[in-house]
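Subject: Structure handover

Hi,

Here is the structure I promised to pass on. Please open it next to this message.

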Amino acid sequence: MITVYGAPGWGSAISELMLTLAEIPYQFDNVDGFDKPGPQQERLRSINPLCQVPTLQLDDGSVMTETAAIALMILDKRPDLAPPVGTPEREQFWRLLVWLVANV
Ligand SMILES: N[C@@H](CCC(=O)N[C@@H](CS)C(=O)NCC(=O)O)C(=O)O
């Protein structure tokens, strides 16, 4: 099962939201306090040297970061969640996805 390393009130909520909408099971590992020196920070840093949330650990143990990449990974599993290729709605979908990641 995918593990989402995140913290309440931080941007990891976007990955949780996307996984939930896609009905992909995940477990949440709360690394609250990762932004300050301490054991939570060291724990997250051992998985992701950037020490940022969201950090996902996938079924095969590999590490996935970057909210846009996580969105695209989910879309590969659930292509029905985005407008069809070749439609104007698809272009607006890309636009809003990039806006979300850059601004939220
Ligand atoms: N490029 C990353 C950025 C992740 C990011 O900046 N996360 C913030 C929290 S929402 C963070 O971990 N900040 C702490 C830090 O950068 O030290 C993404 O799109 O997921």
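Below is what I found, from the overall fold down to single residues.

First, the ground rules. This is a predicted model, so local features need pLDDT of at least 70 and side-chain atom pairs count only at pLDDT 80 or more, while totals for chains, interfaces and linings use all residues. Residues are numbered from 1 along each chain as its sequence is written, and side-chain values use heavy atoms, with hydrogens and water left out.

**Overall fold**

The protein has four helices and four strands. Helices (H or I, at least four residues) and strands (E, at least two) are DSSP runs, numbered from the N terminus. In that direction the order is β-α-β-α-β-β-α-α. The C-alpha trace spans about 50 × 30 × 20 Å along its principal axes. Of the 104 residues, 36% count as buried. Buried means under 20% relative accessible area, exposed over 50%, and partly exposed in between (1.4 Å probe, protein chains only). The protein exposes about 6400 Å², and carbon and sulfur atoms supply 60% of that. Accessible areas come from the Shrake-Rupley method with a 1.4 Å probe; for residues, only the protein chains shown count as cover. Contact means heavy atoms within 4.5 Å. Among contacts between residues at least 6 apart in sequence, 47% join residues at least 24 apart.

**Cores**

A nonpolar core is a set of buried Ala, Val, Leu, Ile, Met, Phe, Trp, Tyr and Cys residues joined through side-chain atoms within 4.5 Å. The largest one has 15 residues, and I2, L19, L56, M73 and I74 have the most contacts inside it. β1, α1 and α3 (67-77) each supply at least two of its residues. The largest share, four residues, comes from α3. L19 touches I2, V4, I24, Y26, L56 and I74, leaving aside neighbours within four places in sequence. There is also a second, separate core of eight residues, with Y5, A7, I47 and C51 among them.

In α3 the buried residues are T67, I70, A71, M73, I74 and L75. Their cover includes β1, α1, β3 (55-57), β4 (63-65) and α4 (88-103).

T3 sits in strand β1 (residues 2-6). T3 is buried because its relative accessibility is 9%. Beyond four places in sequence, T3 contacts Q27, D29, T55, L56 and Q57.

**Ligand site**

A polar side-chain atom of Q52 is 3.0 Å from a ligand oxygen. A polar backbone atom of V53 is 2.7 Å from a ligand nitrogen. An N or O atom in the T67 side chain is 2.8 Å from a ligand oxygen. Taken alone, the ligand exposes 510 Å², of which the protein buries 62%.

**Aromatic pairs**

Rings of Phe, Tyr and Trp (its six-membered ring) pair if their centres lie within 6.5 Å; planes under 30 degrees apart count as stacked, over 60 as edge-to-face and the rest as tilted. That gives two aromatic pairs. One is W10 with F34: the centres are 4.8 Å apart and the planes at 65°, so the pair is edge-to-face. W10 lies in the loop between β1 and α1 (12-21), F34 in the loop between β2 (26-30) and α2 (39-47), 24 residues apart. W10 is partly exposed at 37% relative accessibility, whereas F34 is buried at 7%.

**Backbone details**

The peptide bond from V53 to P54 is cis, with omega near 0°. P54 is in the loop between α2 and β3. C51 is in the loop between α2 and β3. C51 is not a glycine, yet its phi is positive, about 55°. C51 is buried, at 10% relative accessibility. E66, in the loop between β4 and α3, also has a positive phi, near 75°. E66 is partly exposed at 42%.

Best wishes

Notes
A polar contact is a pair of N or O atoms within 3.5 Å; within protein, one must be able to donate a hydrogen and the other to accept it, and residues adjacent in sequence count only if both atoms are side-chain atoms.
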